[in-house]
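Visitor: Hi, I have a new model open and would like a quick tour. Can you walk me through it?

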Amino acid sequence: MSSPARVRADACPGVFATHDAADGPLARVRLPGGGVTADRLRALASCAEDLGDGDVHLTSRANVQLRGVRRPGLAGRLIEAGLLPSPSHERVRNVLASPLSGVRGGLADVRGLSAALDRALCARPELAELPGRFLFGFDDGRGDVAGTDVCWRAIGPTTGVVLLAGADSGWLVSRDDAVSALLTVAETFARTRGSAWRIGELADPSKLLPDGPREAPQLLPTRIDPTVGRIRRDDGGEAVGVAPRFGQLTAAQLRTLADFGDAVVTPWRSVLLPGGADVERLHAAGLSTDPATAELSACIGAPGCAKSLADVRADAATLVADGELVHVSGCARRCGRPSGAHRDVVAEPGGYRVDGRWTPASELADALARKGPS
């Protein structure tokens with residue numbers, strides 16, 4: 001489809017360009033591929049505690065946000081921690097990677113590709129002009145992060161195909177050349193995008209590809225494997241995934257996670273500890289390892305967002321998703337909604353719209369239990 005007319009600038013928040021939310025400035029910190037070391041988890045905890053509202057909020061792009069950042073000094077502390085390697089590129093370091101890659105399943109190990117792309121991206125001044133919504137991806141073959149702007153998706157241990165806006169382009173690329181291939185597409189998009197923010201807005205995304213032979217495009221399957229709970233690793237060990245309620249972690253909880261080593265933030269607002277963890281200690285810290293906790297998500301809602309028509313987290317606190325993914329939004333913008341299939345619950349004046357039917361907030365649980373459109 002063609003690009004829509006843009007009447008405002010790209011306002012994706014970052015560290016220098018924060019979003020003025022109702023509860024104070026919101027800063028988004030990019031974690032390319034979701035990977036974060038234990039030391040950086042502790043640094044984020046200290047930043048939230050000293051400069052923000054005390055919590056760290058996970059996003060659907062495997063990044064983190066700090067809310068209520070009213071005191072100065074955040075950028076300097078993030079630079080010192082290695083979380084802000086290029087101030088000019090901070091809003092374009094958007095990279096997803098299959099969180100379980102190298103841990104369990106997958107056709108190829110994509111670990112390390114996100115960091116390599118991040119370094120190369122930051123070394124190209126012209127790519128600092130990419131829109132803040134542009135998203136790179138490295139998919140290990142299961143299809144869990146395939147729906148990005150440009151993605152290398154494995155079709156074997158050392159070979160993959162480049163996807164454009166989630167569709168197979170037919171361009172086969174080795175794992176060794178994956179980073180350069182994605183950057184080639186991004187550079188062409190940056191030069192030719194006009195007013196488009198995403199590749200899917202272009203009339204013909206294939207024009208972003210270099211000349212060369214192509215395979216026939218295929219419809220590739222998608223599988224999202226659980227990232228919460230005890231997870232048996234391919235090497236026989238155990239990883240552990242936690243699902244913070246609504247993706248919100250206190251500084252103390254973040255430090256508890258850091259005690260178990262490096263982590264991977266997932267696009268489903270969970271945190272994977274590849275090296276395992278003491279589950280009882282996690283539970284004592286208020287961290288759930290129950291996959292059902294990850295089935296329910298919600299935007300920040302009122303009073304944190306002035307546009308929200310309801311305190312959605314209070315209304316959603318007692319809901320049970322019952323085996324399906326549910327996202328509760330405070331307005332029609334649907335901030336933070338999952339990219340995959342989910343039930344869409346949107347606040348309207350006096351209540352919520354569930355499966356196309358209006359219901360008062362007091363009957364929200366019953367509306368979800370009806371299972372399907374009316």
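This is a predicted model: local features need pLDDT of at least 70, side-chain atom pairs count only at pLDDT 80 or more; totals for chains, interfaces and linings use all residues.

Visitor: Good to know. How many helices and strands are in the chain?

Guide: The chain has 8 helices and 20 strands. Its radius of gyration is 20 Å, close to the 21 Å from the globule rule for 374 residues, so the chain is as compact as a globular protein of that length.

Visitor: And what does the C-alpha trace span along its principal axes?

Guide: About 60 × 45 × 45 Å.

Visitor: What share of the residues count as buried?

Guide: Of the 374 residues, 52% are buried. As for the surface, the chain exposes about 16100 Å², and carbon and sulfur atoms supply 52% of that area.

Visitor: Switching to charges, how far apart are the mean positions of the positive and negative ones?

Guide: They are 3 Å apart, for 44 positive and 45 negative charges.

Visitor: Now a single residue. Where is Thr-318 found?

Guide: Thr-318 sits in the loop between α7 (312-316) and β17 (326-329).

Visitor: Is Thr-318 buried or exposed, and why?

Guide: Thr-318 is exposed, because its relative accessible area is 68%, and exposed means over 50%.

Visitor: How far is Thr-318 from Leu-364 in space?

Guide: Their C-alpha atoms are 9.9 Å apart, while in sequence the two residues are 46 residues apart.

Key: Residues are numbered from 1 along each chain as its sequence is written. Side-chain values use heavy atoms; hydrogens and water are left out. Helices (H or I, at least four residues) and strands (E, at least two) are DSSP runs, numbered from the N terminus. Buried means under 20% relative accessible area, exposed over 50%, partly exposed in between (1.4 Å probe, protein chains only). The radius of gyration is taken over C-alpha atoms; the globule rule is 2.2 Å times the number of residues to the power 0.38. Accessible areas come from the Shrake-Rupley method with a 1.4 Å probe; for residues, only the protein chains shown count as cover. Lys and Arg count as positive and Asp and Glu as negative; His and the chain ends are not counted. The place of a charge is taken as NZ of Lys, CZ of Arg, CG of Asp or CD of Glu.
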